[in-house]
Amino acid sequence: MDVSRAEASTTRYRLHRGASATFVPALDADQQRVVDHEGGPLLVLAGPGTGKTTTLAEAITERIVRRGASVDSVLALTFGRKAAEQLRDRVTARIGRTTSTTLSMTFHSFAYGLLRKYSPADLYVAPLRLLSASEQDVVLRELLEEHPESVRWPTGFRRALGTRGFAREVHDVLARAREKGL
């Protein structure tokens with residue numbers, strides 16, 4: 001259909017606020033037991049894609065909305081930034097408001113915050129800061145280059161040392177070791 005220029009310039013759009021119903025996920029019995037947990041230590045073991053983030057978001061929402069917990073009293077720690085962001089987004093969507101406090105963060109960000117808050121200012125030469133993922137890659141690739149302080153890799157690995165893929169694999173091994181507390 002060919003719309004004339006005059007007709008196109010008179011087209012108007014209006015914003016319409018729809019119903020603000022928030023999606024409430026259906027939980028299975030095990031997930032509901034986590035949400036209903038009264039307090040104290042609780043270990044939840046589950047594989048990838050089993051609904052851990054959904055369960056945790058619902059448990060936090062339960063405590064804030066139904067049990068009256070202050071948003072300021074909630075802190076969920078995750079291994080990755082993406083998981084922390086997803087959890088924060090899901091909870092704020094479920095409670096229907098944003099929060100002024102950090103609801104979830106990575107273990108690393110939490111530890112960094114503790115160091116910055118409680119370590120003496122003159123303890124380190126330069127201010128502490130977390131490296132971004134790209135900065136981590138640069139440092140790791142520098143460590144993989146041959147120089148007096150570098151690791152002595154077997155001859156068969158030397159050609160791979162300068163490749164992005166090898167650096168990524170070493171990074172992944174280090175991340176898994178860190179997650180296991182090694």
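This is a predicted model: local features need pLDDT of at least 70, side-chain atom pairs count only at pLDDT 80 or more; totals for chains, interfaces and linings use all residues.

Me: Where do Arg33 and Asp30 lie?
Reply: Both sit in helix H2, residues 29–36, three residues apart, which is about one turn of the helix.

Me: Is Arg33 buried or exposed?
Reply: Arg33 counts as exposed because its relative accessibility is 58%, and the cut-off for exposed is over 50%. Asp30, at 48%, is partly exposed.

Me: OK, zooming out: how many salt bridges are there in the whole structure?
Reply: A search of the whole structure finds five. One of them joins the side chains of Arg94 and Glu58, again with 2.8 Å from N to O.

Me: Which parts does the Arg94 and Glu58 pair tie together?
Reply: Arg94 is in helix H4 (residues 81–95) and Glu58 is in helix H3 (residues 52–66), so the pair links parts that are 36 residues apart in sequence. Both Arg94 and Glu58 are buried.

Me: Nice. What about Arg168 and Asp172?
Reply: Their side chains meet in a salt bridge too, at 3.8 Å, N to O. Arg168 and Asp172 both belong to helix H7, residues 164–179, and are four residues apart, about one turn of the helix.

Me: And how accessible are Arg168 and Asp172?
Reply: Arg168 is partly exposed at 35% relative accessibility, and Asp172 is partly exposed at 27%.

Me: Last one: which residues do salt bridges with shared partners join into one network?
Reply: Those are Glu62, Arg66 and Arg67.

Terms used: Residues are numbered from 1 along each chain as its sequence is written. Side-chain values use heavy atoms; hydrogens and water are left out. A salt bridge is a side-chain nitrogen of Lys or Arg within 4 Å of a carboxyl oxygen of Asp or Glu. Helices (H or I, at least four residues) and strands (E, at least two) are DSSP runs, numbered from the N terminus. Buried means under 20% relative accessible area, exposed over 50%, partly exposed in between (1.4 Å probe, protein chains only).
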